[in-house]
Amino acid sequence: MNEALCIEPGNELMSSPFVRQMVVQLRAVDSYGTYDDWSDEKVLDPMILTKARRREIPVVGDPDEIVVARVKAYYNALSVRIEQECGMMAAPMINLSHEGFGRALIMVGKLIVADKVLRDVHRFGFESLEKLDEEANKLIDKALATIETFNDAARA
């Protein structure tokens, strides 16, 4: 992957609630302390796959455990933000094959509030920090609307 960071230091989106939570989740999966001396921008940088970075990744491939950890961190961050907004516990469930295909669900009570089919997980990422935040907030807003509509199932 390119050595240059795609996220400029001081980017105002780094203070967005979802982006902050994403950094927390990525640091949480760093069991060896690799990220201890890294800036938040550097920790989050692998989530950004510009067109040039995407071209460097083969079209067909199996995801490694680092990429799978990033996917899990993303859905954990979504779940935490949903939980913070609605006040009910949100739990992610991810099922992935070794080839990088599967499904991610987020449940609140007995209600599935997010359902995403995962394909080509070895190429998981977003074009920019703006896209990462925008896509996450769309999913969060949709989940919150679902919870509001089917509140009884969410509270069950």
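I began with H4 and H5 in this predicted model, and found that the two helices pack at an angle of about 45°, with their axes 10 Å apart. Since angles under 35 degrees would count as roughly parallel, H4 and H5 are therefore oblique to each other. I noted the crossing of H4 and H5 as right-handed.

Next I listed who meets whom: from H4 the residues are Tyr74, Leu78, Arg81, Ile82, Glu85 and Cys86, and they meet Leu132, Glu135, Ala136, Leu139, Ile140, Ala143, Leu144 and Ile147 in H5. Sorted by class, the contact of H4 with H5 has eleven nonpolar residues, three charged ones and no polar ones.

I then turned to the packing of H4 with helix H1, which spans residues 17-28. H1 passes H4 in a right-handed crossing.

On the H1 side I wrote down Pro17, Phe18, Gln21, Met22, Gln25 and Leu26, and on the H4 side Arg70, Ala73, Tyr74, Asn76, Ala77, Leu78, Val80, Arg81 and Gln84. The contact of H1 with H4 divides by class into nine nonpolar, four polar and two charged residues.

My last entry concerns the second largest pocket, whose volume I recorded as about 400 Å³. It is lined by 18 residues, of which Tyr75, Lys116, Phe124, Gly125 and Phe126 are the closest to its centre. Which elements give two or more residues to this lining? I found helix H4 (65-86), strand E3 (111-118) and helix H5 (129-149), with the largest share, four residues, coming from H5.

By class, I counted nine charged, eight nonpolar and one polar residue in the lining of the second largest pocket.

Notes:
Residues numbered from 1 in each chain as written. Predicted model: local features only at pLDDT ≥ 70, side-chain atom pairs only at ≥ 80, totals over all residues. Heavy atoms only, no water. 1 Å grid on protein atoms, 1.4 Å probe; cavity = no way out; pocket = protein on both sides within 12 Å on 5 of 7 lines; lining within 4 Å. Points joined across faces, edges and corners; volume = space filled by probe spheres on them. Nonpolar A, V, L, I, M, F, W, Y, C, P; charged D, E, K, R; others polar. Axes fitted to C-alpha atoms, helices over the stretch in contact; angles between N-to-C directions. Left-handed = near helix turned anticlockwise from the far one by under 90°. Contact = heavy atoms within 4.5 Å. Parallel < 35°, antiparallel > 145°, perpendicular 65-115°, else oblique.
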